[in-house]
Amino acid sequence: MTILNRRVFLGASASALALGGCANGVGGTGGPRMDSRVDATRDFLFSRYPGTRDLAQKAYGVLYMPLMTEAGFGIGAAYGKGALRINDVTVDYYSATRATIGLQIGAQQYAHALFFMTEAALGDFRRASGWAASADIRYATPNEGASIGKETTEYAPVIAFVFGQSGLILGATLAGSKYTRIIP
């Protein structure tokens, strides 16, 4: 082997070892840690808002986002990670990114869950490379959580339930959210 070939071989080997040590999520502890957070979020949701337990049993799948952090001053953004569960088993992990623009100031943290009430809505979500929340989602507030009833689940393919808010953000904004499959 010539000196040039040895250098190329050694350089390639060193690069492979260096990249192998990067935290790319494969074989890491990100999944179990995320599942633990999702379990705690689900348990809090069900204990605090009992109607959501029945809603989850009727849903084809539920995306739990344990912690979303949002801040804004004119332009705002939010970010969080969570897991999609079907029959209460994690099938995928997702990140959520939210952008807002308008009259706003402040910061807050919250959790939310998306209940996919139809097989088609769940399928559309899972097939999309990046899924944007839109007008076909019905938002429920914590006050409605204890009494989510038949009329809610019959007419909405996706129900978003926002809970556990802390902090304060004031204003009127236009917003869009995008959910993207990740490896934690």
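Trainee: Let me start with charge. How many salt bridges does a search of the whole structure find?

Mentor: First, the general idea. Side chains of opposite charge can pair when their charged atoms come close. In this predicted model, the search finds 10 salt bridges.

Trainee: Which side chain does D35 meet in a salt bridge?

Mentor: D35 meets R85, at 3.9 Å from N to O. Now look at where the partners sit. D35 is in helix α2, residues 30–48, and R85 is in strand β1, residues 61–86. They are 50 residues apart, so the pair links distant parts of the chain.

Trainee: Is R85 buried or exposed?

Mentor: R85 is buried, because its relative accessible area is 5%, and buried means under 20%. R85 also forms a salt bridge with D88, where the closest N and O atoms are 3.5 Å apart. D88 counts as partly exposed, at 43% relative accessibility.

Trainee: Now a pair inside a helix. Why are R127 and D124 separated by about one helical turn?

Mentor: General idea again. An α-helix has 3.6 residues a turn, so residues three or four places apart point the same way. R127 and D124 are three residues apart in helix α4, residues 119–127, and therefore about one turn apart. Their side chains meet in a salt bridge of 3.1 Å, N to O. R127 is exposed, with a relative accessible area of 66%. D124 is partly exposed, at 44%.

Trainee: Which residues do salt bridges that share partners join into one network?

Mentor: The network holds D35, D39, R42, D43, R85 and D88. D35, R85 and D88 are in the pairs we read above.

Trainee: What does F115 touch, not counting residues up to four places away in sequence?

Mentor: F115 touches L45, T52, L55, A56, A59, G61, V62, P157, V158, I159 and F161. Of these, L45 and V62 are also on the list of core residues that touch the most other members.

Trainee: T52, L55 and A56 are in α3. Which face of the helix do the buried residues line?

Mentor: The buried residues here are G51, T52, L55 and A56. Look down the axis of α3: they fall within an arc of 135 degrees, so they line one face. The face turned away from that buried side carries the exposed residues Q57 and K58.

Trainee: Last, the surface. Which residues make a nonpolar surface patch of about 460 Å²?

Mentor: F73, I105, L168 and L170 make that patch. Take L168, found in strand β5, residues 158–182. L168 is exposed, because its relative accessible area is 55% and the cut-off is over 50%.

Key:
Residues numbered from 1 in each chain as written. Predicted model: local features only at pLDDT ≥ 70, side-chain atom pairs only at ≥ 80, totals over all residues. Heavy atoms only, no water. Patch = residues over 30% accessible without salt bridge, like charges linked within 9 Å, V, L, I, M, F, W, Y side chains within 5 Å. Areas by Shrake-Rupley, 256 points an atom, 1.4 Å probe, with all protein chains shown as cover. Salt bridge = Lys/Arg side-chain N within 4 Å of Asp/Glu carboxyl O. Helix = DSSP H or I, 4+ residues; strand = E, 2+ residues; numbered from the N terminus. Buried < 20%, exposed > 50% of the residue type's maximum accessible area, 1.4 Å probe, protein only. Core = buried A, V, L, I, M, F, W, Y, C linked by side-chain atoms within 4.5 Å. Contact = heavy atoms within 4.5 Å. Arc of directions from axis to C-beta.
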